[in-house]
Amino acid sequence: MRNKILIVGLLFGMGVAIALDQRQRFEAPAMRWLYPGFLERLPSVTGLRLSKAGDGVDLVFDNGTWVVAQRFNYPVNDKPLFQLLDQLDRARLIEKKTALSKHHEALGLLEDASDSASVLMFQGDTLLKPVVIGQQASTRQGTFVRFQSDDQVWLIDQALEVSAAAADWLAPSLLTINDQMIESIELSNPGEVKYRVVRDERDNWVLAATPEGRTLRYDTALTPLATTVGQLRLLDIALHDPARWVGAGSAVYQLTSSHRLTLRTAAAQEGHWLRIVVDSDEVDPSDASDETLQVKAVEPKRSPALDQVLGPSREALTRFDFRIAKRNFDDLNRSLEHFLKPQDGEEIDG
């Protein structure tokens with residue numbers, strides 16, 4: 001079952017079936033492939049290790065799912081993984097280069113250097129030899145490579161780009177949500193006026209209570225509050241740290257499914273962080289601590305609509321804090337004043 005999931009995912013996810021069909025009709029000699037019979041060997045592969053300059057990441061096939069070992073077995077971003085596997089399956093040795101190790105540095109193929117090469121190792125299949133990945137060719141599409149145990153350099157016909165940073169391999173999606181799923185939004189940030197956004201009779205976003213004598217900058221000024229939540233992208237994760245969330249801001253999204261998403265945000269020296277809490281109408285997020293909300297959120301009312309919204313699993317929401325881009329953080333922490341026309345004598349806040 002594990003082998004079937006891996007191969008089917010690769011075939012249908014990256015279109016390898018077409019490449020295989022072409023290979024059967026126009027196949028070059030077996031030794032011309034970087035990894036002859038690569039697709040047939042995949043069932044024995046249990047993981048990949050990518051390393052560079054002392055840094056490294058292990059992508060492991062665990063219980064039918066690819067995960068990032070250095071990030072608590074968080075799911076892998078399938079797209080670049082399947083692209084890499086597809087490229088390795090199609091890679092051909094198109095030109096033999098130098099076999100002198102003194103020339104390796106010029107081609108980016110030294111493992112111990114200030115600008116080290118990337119090394120790809122397979123786990124579970126000893127016949128798939130570790131390969132050192134160097135610079136890309138300047139005059140044609142291709143990459144200089146050599147097998148780790150051999151000084152011989154080859155040019156292959158694939159432009160391989162791999163990262164040895166664990167954060168680069170995390171599944172990036174956090175929430176899949178659109179404007180029509182949201183009934184109302186309430187923002188509460190330290191040192192700022194709390195405000196609520198609702199729909200008017202024309203289905204436009206408006207303030208539930210507009211300060212006397214003030215108006216919105218323009219009719220659609222509040223729309224980004226509804227779109228931002230569907231544009232969040234994960235940069236990294238860390239185990240949940242309650243201390244990180246003392247005095248954190250929050251954006252509460254009431255959904256049409258009767259669920260509520262509370263997005264708590266915090267800025268720290270190491271970046272900008274997001275905490276996703278899911279609960280139902282039974283809990284008032286303004287009157288409960290993060291821990292209380294999360295207990296209620298472990299198993300909120302099951303809903304197909306909610307399952308489609310959440311990127312991480314329910315367990316992941318409980319275990320992890322998510323690092324996000326500064327622009328996402330800023331969008332979730334807009335002050336009320338940001339959306340209002342400036343009063344006489346005030347400068348416009350960009």
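Predicted model: local features only at pLDDT ≥ 70, side-chain atom pairs only at ≥ 80, totals over all residues.
Local features need pLDDT of at least 70, side-chain atom pairs count only at pLDDT 80 or more, and totals for chains, interfaces and linings use all residues. Residues are numbered from 1 along each chain as its sequence is written, and side-chain values use heavy atoms, with hydrogens and water left out.

Helices (H or I, at least four residues) and strands (E, at least two) are DSSP runs numbered from the N terminus. Two strands pair if DSSP finds at least two bridges between them. Strand β15 is mostly covered, with 8 of its 10 residues buried; buried means under 20% relative accessible area, exposed over 50%, and partly exposed in between, using a 1.4 Å probe and protein chains only. The pairings of β15 are listed below.

| Pair | Sense | Bridges | Residues between strands in the hairpin |
|---|---|---|---|
| β14 and β15 | antiparallel | 6 bridges | 3 residues |
| β15 and β16 | antiparallel | 10 bridges | 2 residues |

Valine 252 has threonine 262 of β15 as its bridge partner. Alanine 268 is bridged to glycine 271 in β16. In the turn between β14 and β15, serine 258 has a positive phi of about 70 degrees.

Serine 250 belongs to strand β14, which spans residues 249–255. Its relative accessible area is 14%, so serine 250 is buried. Contact means heavy atoms within 4.5 Å. Leaving aside neighbours within four places in sequence, serine 250 is in contact with Glu186, Leu187, Ser188, Asn189, Thr262, Leu263 and Arg264.

**Two loop residues**

Aspartate 125 sits in the loop between β6 (118–123) and β7 (131–136). Aspartate 125 counts as buried because its relative accessible area is 5%. A polar atom of the aspartate 125 side chain lies 2.9 Å from the backbone nitrogen of leucine 127. Not counting residues up to four places away in sequence, aspartate 125 touches Arg41, Ser44 and Val45.

Serine 173 is in the loop between β9 (154–156) and β10 (182–188). Is serine 173 buried or partly exposed? With a relative accessible area of 30%, serine 173 is partly exposed. Serine 173 and leucine 232 are 59 residues apart in sequence, and their C-alpha atoms are 7.2 Å apart in space. Serine 173 also touches Gly311 and Pro312, not counting residues up to four places away in sequence.

**Helix α4 and the cores**

Helix α4 (residues 78–90) has 13 residues and reaches 18 Å from its first C-alpha to its last. This is close to the 18 Å expected at 1.5 Å a residue, the expected span being 1.5 Å times one less than the number of residues. Buried residues of α4 include Leu81, Phe82, Leu84, Leu85 and Leu88.

A nonpolar core is a set of buried Ala, Val, Leu, Ile, Met, Phe, Trp, Tyr and Cys residues joined through side-chain atoms within 4.5 Å. In the largest core, of 76 residues, Leu175, Tyr253, Leu261 and Phe322 touch the most other members. The largest share of this core, 5 residues, comes from α4. A second, separate core of 9 residues includes Leu109, Val119, Val132 and Ala137.

Not counting residues up to four places away in sequence, phenylalanine 322 touches Tyr74, Leu174, Leu234, Asp236, Ile237, His272, Trp273, Leu274, Ile276, Pro312, Ala316 and Leu317.

Terms used: Polar contact = N/O pair within 3.5 Å; in protein donor to acceptor, adjacent residues only side chain to side chain.
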